Amino acid sequence: YQRRVHGGMLLYDIGFAAITKTIAQLPLLELLTVYVSYRITDASAVEFAAKVSQLHHLEELILCCTECVGIRNATISALTLSPKTLKKVFLDFYNTRINDDGLIALTERLALCAHLSDFAIYLESTTVRDVGVGRLLDALAALPALEKVHVTMDSCGYVTDATADKLDLFLRSVPRSVDVELGLFNTGMQPEREQTIKRALKSRRQRDSSII
């Protein structure tokens with residue numbers, strides 16, 4: 001049985017449909033990497049997400065939907081992650097049309113992934129807000145196996161000082177052994193709050209390096 005699949009740049013919905021059909025025939029799949037172009041829409045992506053949710057041996061998922069303006073909440077809401085095996089997730093939703101509804105739906109699934117150690121999500125240029133980001137941070141902070149996390153919110157104008165408060169709490173609550181990276185350029189936070197978070201993050205890294 002094939003256990004690793006790397007899907008290339010899928011240009012149209014028909015290409016996405018083809019890889020969806022392929023992975024449906026690989027129940028023991030452990031790693032799945034898919035990069036899609038801006039032409040992909042929820043029409044095919046929802047079915048793909050549903051099939052991924054049936055991969056009960058999946059350990060690593062990399063899904064890049066950069067500038068897929070046809071990707072909305074339906075796709076991310078359909079992505080039911082395998083809680084028993086998943087260890088690494090990389091999701092790029094840069095300039096898609098997801099918002100808090102989709103992010104909260106994803107967060108509810110992440111909270112069940114007890115073995116997840118490496119998580120990255122790019123929300124740049126989306127309309128996510130404080131509530132969705134706050135839920136995400138709460139879920140990540142509660143993951144017992146977390147070792148590395150990267151959350152990018154660049155150009156998210158609806159992310160405000162309320163998220164800065166959440167980030168401050170997040171940085172103080174997760175163990176220092178967790179590698180944290182944040183993208184906070186051009187958000188709706190006050191500049192001084194953004195700088196405060198960046199200084200806290202820098203201080204955290206400096207303390208980690210001194211321990212090493």
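This tour goes through a few selections in a predicted model. Residues are numbered from 1 along each chain as its sequence is written, and side-chain values use heavy atoms, with hydrogens and water left out. Because the model is predicted, local features need pLDDT of at least 70 and side-chain atom pairs count only at pLDDT 80 or more, while totals for chains, interfaces and linings use all residues.

Select cysteine 64 first. A disulfide here is a pair of cysteine sulfur atoms within 2.5 Å, and a search of the whole structure finds zero of them. Cysteine 64 is in no disulfide, with the nearest cysteine sulfur, that of cysteine 65, 7.4 Å away. Cysteine 64 is buried at a relative accessible area of 8% (buried is under 20%, exposed over 50%, partly exposed in between, using a 1.4 Å probe and protein chains only).

Move to cysteine 68. Its sulfur lies 5.0 Å from the closest cysteine sulfur, in cysteine 65, which is too far for a bond. Cysteine 68 is also buried, at 0%.

**Glutamate 67**

Next, select glutamate 67, in the loop between strand 3 (60-64) and helix 3 (73-78). Helices (H or I, at least four residues) and strands (E, at least two) are DSSP runs, numbered from the N terminus. Phi of glutamate 67 is near 60°, a positive value in a residue other than glycine. At 38% relative accessibility, glutamate 67 is partly exposed.

**Helix 2**

Select residues 42-52, which form helix 2. Which residues of helix 2 are buried? They are Asp42, Ser44, Ala45, Phe48, Ala49 and Val52. Viewed down the axis of helix 2, these fall within an arc of 165°, so they line one face of the helix; the arc is that of the directions from the helix axis to the C-beta atoms.

**Aspartate 154**

Go to the loop between strand 6 (148-152) and helix 6 (161-173), where aspartate 154 sits. Aspartate 154 is buried yet has no salt bridge (a side-chain nitrogen of Lys or Arg within 4 Å of a carboxyl oxygen of Asp or Glu). The nearest side chain of opposite charge, lysine 198, is 7.1 Å away; Lys and Arg count as positive, Asp and Glu as negative, and His and the chain ends are not counted. The side chain of aspartate 154 reaches the backbone nitrogen of phenylalanine 185 at 2.8 Å. Beyond its neighbours within four places in sequence, aspartate 154 is in contact (heavy atoms within 4.5 Å) with residues including Glu124, Ser125 and Gly183.

**Asparagine 186**

Finally, select asparagine 186, in the loop between strand 7 (179-183) and helix 7 (191-211). Phi of asparagine 186 is near 60°, and at 47% relative accessibility this residue is partly exposed.

Methods
Polar contact = N/O pair within 3.5 Å; in protein donor to acceptor, adjacent residues only side chain to side chain.
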